[in-house]
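My notes follow in the order I checked things.

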Amino acid sequence: MSSAYDHVDPYRAYLYGPTPDDSACDWLPNTVLPHYSSEEAGAVMAELERLFAAYQAGFILGARHSSPSPTWRDESVSDVSKHELSRFATRVHVFEEPIVGSEHTQSAGRYLGFVCLRPPKETASKVPSPCFEYVIEAELVRPRHMFRPRYHLVHTTTSAPRLGVLPFVSTAFMTPRTGVAASTCVHLAISQALHLVMGRFGAKPISQREFEVCLWHEANGTKTIEEVAKEGVGLRTALKVIEDNCRVGGFTADFSEHLGFTGEVEICREAHRCLTDTLANGLPVILMVDHNHLIPGPAKRPPEPHAAFIFGMRLLHSGHEISHGGCEPGELMREDEAELPGTFIGHDSIRGPYVEWSAKHILASAMVCPPLPGDPEDVKQIKGIRFLALGPHGMKIGLPEVRQLAVKLVLPHWRADPTIYEEYHRNFGHRGTDANPTRWRFVTRLLAMHEVLKKYLHDNAPSSRAALAEAFRDVGASMSSDMILKQVGYCWAVELYLPAYRQLSQFGQDPPSRPQPLLVLLWSIRDSFVVRPAGRLCRAIMLLDLVNLATRPDYKSLTYRVVSSLP
Amino acid sequence: MPLISPEVSLISSWHVPLVEPATHGPTPPSLAALQIGLQNRILFHDLYFLGHTDIQWYKGQCDPSRSFPDQALKSPVAFAADLTLDDLKRIAAALNRLLAENFGGTLVGPRPRFVALATYWPCISLPEAEGGELRKQSIQAVRNSLLLASFLGCRHVEVVAGSAVPEADCRRATEKKAGAYRSSRLATLAESLQEVFINVNAEDREKEQSLNTLLDQGTLPYLCLEIEPGKNYLINSARQFLEFYDGAITGGRYGHILDRYLLFNADIAHLILAGSDPEMELEGLRTICERDLLGHMHLSDHTRSHAADLTPGVYHFFSQFCPWLEIAIESVNTSRVFSGAVAVELEACNDVNEAIRAIARTSRWIDACRKRLEEKKKAISPTADPQVLNGVLLAIDIGNSTATFFSRENDSVVARGSELEQMVGKICQEILLRRGSVLSFTGDGVIAFFQETHYAPKSEMFKFALNAAQEIRAIVDQVTAARRTQLEAVSPDQPVPRRITLRAALHQGRVYMPATRHLRHQAIGRDVVISTRLLDWISKTIEPAVPEDDRGIIIAMTKSFHRNLPPDLATIFVRWGEVEFRGIGKQEVWLDKAYVLPPRA
């Protein structure tokens, strides 16, 4: 029996046909797209070549068949000019080109995913369009080189099964809908991002067209749908729309001078850090950039706002990849600085999926992004970096805010009571405390409450749970501890590490496989800020003595402090 | 009494070829989705009327001299709108032929049939400014869909309401208020649905007449408005349907017709997706049922978004589908307008195995829900009994079959048995072709049933039943001739058996056909006995009096059947007189003129 038919890869079912009764499978030649004219088929193949450019490998086409496509459905149902076209798209499964001489990949290499194509329109455009005209959406695995350890990508296994395809790790790539004078990239980026979080946060993904309709409703009689479609949308409005319609939330981040950041270097450094942490927490990002700066054309064009959809990064950077930070000659680079990614990875509606941008380039493009018509007046003229990240529903406090608050809360705590900081050092064989808090490491995590309990409350004793629940209890609420913890849902956790633990091995000690943070600050993502004369406050809970809780049997219960509270 | 379960049908849009099959090779285009489904023994189908790649097949069924405008050959709505009454009749005949000729299951039992028509004419609610011509085409397409459904013998046509968003190029969309735009589209939809019943141009007189006949008889198929989830769509919740319905039936000249013929098509996957709370939609559907407005039901599964139809159970559990299926069961037992079927919708899944799995799971789930309902002893008082059916019984008996096939001792049992089997198979197909079901095979005959609700107008049923009996004669003659030739060639010295004769008894009546338990789909009742007694009477009283060589097919019928025949057919038969049937009493009997003996002394 030929090994071509003897393979364990279940996706090989998508190599052939399909014939609806699976009794006669034909493997069509690579270029055959039977329903397109030869002219159109050529244009489709050229688009597919462009789509898989990032893979740096040849590809072959597997099964080709009609299929439902929610994006195409929404695009065609409200477009009279498309009423003669089929309401089904064409799904093409794609495989890597086989490796010659390999017994196991005689007929095809690994499965790359599938592409949905718009139906034939009879004649291909005479002038090749820079946009994708046939590709409407695709579920694609990452290129092979992105399996290397430095690459971190937000991905999902739930996006393909929604279309009845076997699950695989993918990210959805979508292209702007055709037939309108302008279609904003924010709509597109949001639609793609929603597919990435539909599994983890239960988001209900919507197409770009449906997003426009939601925006139209949101405009509340002030704009026609044409105006909504053309004008674009500010990030805050976009967030509100998806909160109201997609059972998902998120946060907007604004790194600009009016919020206390001084100069481009600081803005870029903090934005870089927060982008990294956001992606590390598995949240896709929509970063506002100047499109003509991000993707320069042959001629210089005026700045144009564009939403770059970012869902990955290559950790650790080379000097040329970032323009800020670094360290003085001879100084050891801090771990959290060194890990900052040198490149970000995203989908671009023109260049295609899995595009890599250097951090320096994309942050510079973000710095010069012109304001969007939908942006609020207070941020329109201020230089800065702005992004939107998608997260769980009900999120009211974002990652940049908890990072800043953590620093603000820890320093006075250390000054007032350095005991536990010294204790931490002693645990790692040091004396004294590192006196330079700027060298301390803050790690921000988005955790579900059950993860908080498992991760930090090592004994998971009822007393510790009760204590934590008590900290989250709202004034006057009479719920049980378990109910309170359940209602919190997700938390932001900021862990503090002092540099001491990094030097453990130098002192000949056996380091723990996962060093414990000195303390953890917790915020319920649902807690809002309260504006006070002293500044914006939000309930934060500081978990203390975690090292002892983990290592010393006499420590039985959680020590915590509510370090800033709600009224 | 046990509760009755709805049947499970499959919407033929499960397979959407990329190209019209004809372009693949020399074979004529086919409706592959139906053919494959039938070959895989799927009994009940919702016909998707019609996809892009089906146009050539439909065109092929029309008069060869018929020409269509170019646009009609590209656009399903333009094609459907352009069909004449003659086209629709031809297409219906071809579709019925397709059912009879391709069914791979046993021919004894309920016949494969179309439960409903699934259509997609979303431009029906398009305002004049955005596409008046398309709207008109959509109205004509809906009208033609209704007529086609009636010719196919199905009573439900699913229609979509279209979009709640101005068309995408937006140039003509000046409305800023989304709510106001939705209201205007709903008003257009109501107007369009009423226009379905109005003669819009002179060429449609014939169609109007047909529609009026159906309206007069109360056999016009129902329009079942489907729900689509999301703000993009016009009817996007159960509540929205009710609001629309109440507005549509009270306004306009033809509101009263909509009151009788507009129903709801509950797509369960869409209802689950429709709002933030499926419980609200469930409540909405219960209200629709209380008002007896549930016409049909679609079932599939969706993963949180309106992406693609998946086999039920892929994403949601049985417990989440159960309340919806219970509504279907309640409707079968109480509603007079419900189709009696839950249609599995797997648009463009292109895999018959998946479709079969979905049907099997849905049937199993329905069964489990029915048992739960019975265990709960929920008070469902059946007001409609779909097990009591009106129709025509045709009992057929083949004479001389043993002598013809099994008289020679050295005959191969397999070979002769196979010949007889083929002949009976052809007889069954002739019955299926005329929308009858063969209820039982009696060894050398069959009992068939032509159900009244499968014919519109009703008079078709009598013509078709009689025609089936007449056409079977040709099959029998053909088989007899072949067998005689065969016997003469093998052993010319032996006497050739007499020709096969046929006795056919036709009677209109009412039968009880259990939908559950071990005698499922068997006809029981006094009228079944009358038809068999009539057959017995032909064989004992009429046939012996006819010279052997003159015996062909002897058709007899009761008064209840004869009085419903159109005059041209009724005159072929003469009243024989009253006959005493054992256990039944006296029945008036009519007999084919050719076999009527001289008046009795």
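Predicted model: local features only at pLDDT ≥ 70, side-chain atom pairs only at ≥ 80, totals over all residues.

**Chain A, both faces of β15**

I next looked at where the side chains go. In general, side chains in a regular strand alternate between the two faces of the sheet. In β15(A), I find A:L519, A:L521 and A:W523 pointing one way. A:V520, A:L522 and A:S524 point the other way, and all of these residues are buried on either side.

**Chain A, neighbours of β15**

Which strands pair with β15(A)? One is strand β14 (residues 490-497) of chain A, which runs antiparallel to β15(A) over 6 bridges. Across that pairing I see A:E495 opposite A:V520. The other partner I looked up is strand β18 (residues 540-544) of chain A, also antiparallel, joined to β15(A) by 3 bridges. There I noted A:M542 of β18(A) as the bridge partner of A:L521.

**Chain B, the barrel**

Over to chain B. I traced 8 strands closing into a barrel, in the order β1-β2-β3-β4-β5-β6-β7-β8, with parallel pairing. From one strand to the next, the twist averages 30°.

I picked one pair to look at: strand β2 (residues 44-48) and strand β3 (residues 113-118) of chain B, parallel over 5 bridges. In that pair, B:F44 sits opposite B:R113 of β3(B).

Then I checked what packs on the sheet. Helix α12 (residues 278-290) of chain B does, touching β6 (262-267) and β7 (294-299) of chain B, and its direction makes about 145° with that of β7(B). Helix α13 (residues 318-334) of chain B packs there too, touching β7 and β8 (341-344) of chain B, and its direction makes about 145° with β7(B).

**Chain B, a helix pair**

Last item: how do helix α5 (residues 85-102) and helix α16 (residues 413-433) of chain B cross? Their axes come within 8 Å, at roughly 155°. Angles over 145 degrees count as roughly antiparallel, so α5(B) is roughly antiparallel to α16(B). The crossing is right-handed.

For the contact itself, I listed B:N96, B:R97, B:A100 and B:E101 from α5(B), meeting B:Q429, B:L432 and B:L433 from α16(B). I sorted these contact residues by type and got 3 nonpolar, 2 polar and 2 charged.

Definitions and conventions
Residues numbered from 1 in each chain as written. Chains lettered and ligands numbered in written order. Heavy atoms only, no water. Buried < 20%, exposed > 50% of the residue type's maximum accessible area, 1.4 Å probe, protein only. Helix = DSSP H or I, 4+ residues; strand = E, 2+ residues; numbered from the N terminus. Pairing = 2+ DSSP bridges. Axes fitted to C-alpha atoms, helices over the stretch in contact; angles between N-to-C directions. Contact = heavy atoms within 4.5 Å. Parallel < 35°, antiparallel > 145°, perpendicular 65-115°, else oblique. Left-handed = near helix turned anticlockwise from the far one by under 90°. Nonpolar A, V, L, I, M, F, W, Y, C, P; charged D, E, K, R; others polar.
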